[in-house]
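Here are my notes on this model, point by point. Please read them with the structure open.

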Amino acid sequence: MGAARADPAFDQFLQSLWPAAQQQGVSRSTFDAAIKGLEPDYSLQDLQIPGRPEKPEAGQAEFVLTPSQYLKESTFDRLAKYGQQLATQHKDTLARIEKEFGVSGNVVLAIFGRETDYGRYKLPYDAIRVLATQAYVGKRKDLFRGEFIAALKMLQDGVPRVQMRSSWGGAMGMTQFLPSEFYKYAVDFDGDGKIDIWNSIPDALAAAAGQLRAKGWQKGMPWAIEVKVPGAVDCTAAEPAHVMPIGEWLKHGYVPAYGAKVPANVQAAEASLLLPEGTYGPAFLTPKNYYVIKDYNFSDLYVLFVGHLADRIGGGRPFQTPWSKSEQLRTADVEAMQKKLTALGFYKDKIDGKAGMLTRSALGAYQKARGLKVDCWPTNDVLGSMK
Ligand SMILES: [Ca+2]
C-alpha cells in the first residue's frame with residue numbers, strides 16, 4: 001500500500017466501499033490485498049466514462065449478429081457431439097440433477113457449452129478488477145457495487161484470487177455466475193466437501209440447474225417447439241403477451257417441425273409465438289421454459305442457441321426451416337427505428353437498439369397500418385419510410 005494510484009478518484013471510490021465490505025464479514029487485510037495496485041480497466045464493455053464517448057460497438061454479440069451467423073449448424077454439430085460425450089460421462093449426475101431440480105440435464109449441459117465451451121474457454125479477466133470497474137463507471141453501478149462486495153466475500157471465504165477469472169461482465173466459473181448468484185445457487189453436488197464451480201462439472205451443472213429452478217423451470221416441458229406457420233401468419237401476433245394453449249396453436253394450423261407428436265400435457269401448456277426473423281426463417285411456440293432461459297440471459301438468440309443445443313445433445317435434428325437473413329440493422333439504426341415507432345405510437349418498450357420481440361411486433365403493426373409488406377423484419381428501407 002502507499003504507492004500513489006494513477007487514478008486517485010478510483011482509490012477514493014474503493015475506500016468508500018469498505019464499510020459495506022466489512023458488514024459482509026470481509027476483513028481489512030482481505031480488503032486491502034484485493035484492491036492493492038488495482039486500476040480500472042477502461043477497455044471493458046458497458047461503461048460510461050465521464051468525458052469519453054461511448055464505444056459505438058458496445059452491446060452483446062447476440063444483438064449484432066443475425067440468427068444465421070449466431071446459430072451455425074457447424075457450431076451445433078461440434079458442440080452437440082462433445083455434449084453427448086459429457087452426457088454419457090456424467091450420466092448419473094445428470095439423472096440426479098433431473099430428479100432433485102426437475103431441470104433437463106441436456107439444458108444445463110447446453111448452458112455449459114454456450115457459456116464456456118464446456119469449460120475449455122479461458123476467461124480473460126480478473127473478476128475483482130472487472131467488478132470494481134463496473135461498479136465505478138459501469139452503466140449498472142448499483143448492481144455491480146453489490147457484486148464487487150460479494151466477490152470480496154468470496155475471497156474472504158477462501159476462493160483463490162487466481163481462480164476468479166471472468167468475462168467482461170464479471171461472471172465466473174464453468175457456467176458463468178456473478179458472485180451474488182454463486183452465493184444463491186452454487187452447491188457441493190459431487191460431495192467432496194467443496195463448492196467448486198471452476199473445476200467440478202457436477203457442482204457447476206447443479207448450480208445452473210438451481211438457477212433455472214429458481215426462475216420457474218417447468219419439469220418435463222420443452223423449452224420451445226419449432227413449427228411451420230400457416231400461410232397467412234400474422235407476424236404481429238408474435239409477442240410474449242399473445243398466448244394460447246399449444247394445442248390451440250396447432251388447431252390454428254401451426255405444424256410441429258418434422259411432424260413431431262406433441263403429448264397432451266404439453267398441448268395444454270400456454271405458449272406464445274416467436275418469429276426471430278419475422279416472416280422469414282424458423283418459427284417457434286414458446287412456453288414458460290423459453291422465458292426461464294431468457295431470464296438467464298436476455299437475448300432470444302441466446303435462448304435459441306441453448307435450447308436447440310440441448311435438443312441436439314438429446315439426438316434432435318437441425319432446424320427444419322433454415323435461417324435466411326444475412327444482414328441485421330446496426331444498433332444505432334434499430335434505436336432510431338424504436339424512437340420512430342414510439343413517436344408514432346406503435347412501441348412502448350425500452351429504446352435499447354435491440355430488435356427483440358416487441359420491436360419486431362411493433363414494426364409489423366406499423367407496416368400493417370401503412371399498407372406496407374408486413375414481415376416484421378427491420379431494414380433500412382422500412383426505417384427510411386418512417387416519417
Ligand atoms: Ca464439490
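1. Start with the strands. E3 and strand E7 (residues 283-286) pair antiparallel, over three bridges. Within this pairing, Ile225 stands opposite Leu285 of E7. Keep in mind throughout that this is a predicted model.

2. What does strand E3 (residues 225-228) do with E5? Two bridges join E3 to E5, and the two strands run antiparallel. Val227 has Pro256 of E5 as its bridge partner. Lys228 has Val255 of E5 as its bridge partner.

3. Now the whole sheet. Five strands form it, and the sheet is open. The order is E4-E6-E7-E3-E5, with antiparallel pairing. Which strands are at the edges? They are strand E4 (243-245) and strand E5 (255-256), and each of them pairs on one side only.

4. Next, the helix packing. Two packed helices are described by the angle between their axes and the distance between the axes. Take helix H7 (residues 105-116) and helix H15 (residues 300-313). Their angle is about 120°, and their axes are 8 Å apart. H7 and H15 are therefore oblique to each other. Their crossing is right-handed. On the H7 side, the contact is made by Asn106, Val107, Leu109, Ala110, Ile111, Gly113 and Arg114. On the H15 side, Phe305, Val306, Leu309, Ala310 and Ile313 make the contact. By class, the contact of H7 with H15 has nine nonpolar, two polar and one charged residues.

5. H7 also packs with helix H5 (residues 73-89). The angle between H5 and H7 is about 125°, and the axes lie 10 Å apart. H5 and H7 are therefore oblique to each other. The H5-H7 crossing is right-handed. H5 contributes Leu79, Gly83, Leu86 and Ala87 to the contact. H7 contributes Gly105, Asn106, Leu109, Ala110 and Gly113. How do the residues of the contact of H5 with H7 divide by class? There are five nonpolar, four polar and no charged residues.

6. The angle is about 55°, with the axes 11 Å apart. H16 and H17 are therefore oblique to each other. Is the crossing of H16 and H17 left-handed or right-handed? It is left-handed. Val334, Gln338 and Leu341 of H16 make the contact with Thr359, Ala362, Leu363 and Tyr366 of H17. The residues in this contact of H16 with H17 divide into five nonpolar, two polar and no charged.

7. Last, the domains. The chain is divided into domain 1 (1-59 + 125-172) and domain 2 (331-385). How far apart are the C-alpha centres of domain 1 and domain 2? They lie 38 Å apart.

Conventions. Residues numbered from 1 in each chain as written. Predicted model: local features only at pLDDT ≥ 70, side-chain atom pairs only at ≥ 80, totals over all residues. Axes fitted to C-alpha atoms, helices over the stretch in contact; angles between N-to-C directions. Helix = DSSP H or I, 4+ residues; strand = E, 2+ residues; numbered from the N terminus. Parallel < 35°, antiparallel > 145°, perpendicular 65-115°, else oblique. Left-handed = near helix turned anticlockwise from the far one by under 90°. Contact = placed C-beta atoms within 7 Å. Nonpolar A, V, L, I, M, F, W, Y, C, P; charged D, E, K, R; others polar. Pairing = 2+ DSSP bridges. Domains from an automatic or database assignment.
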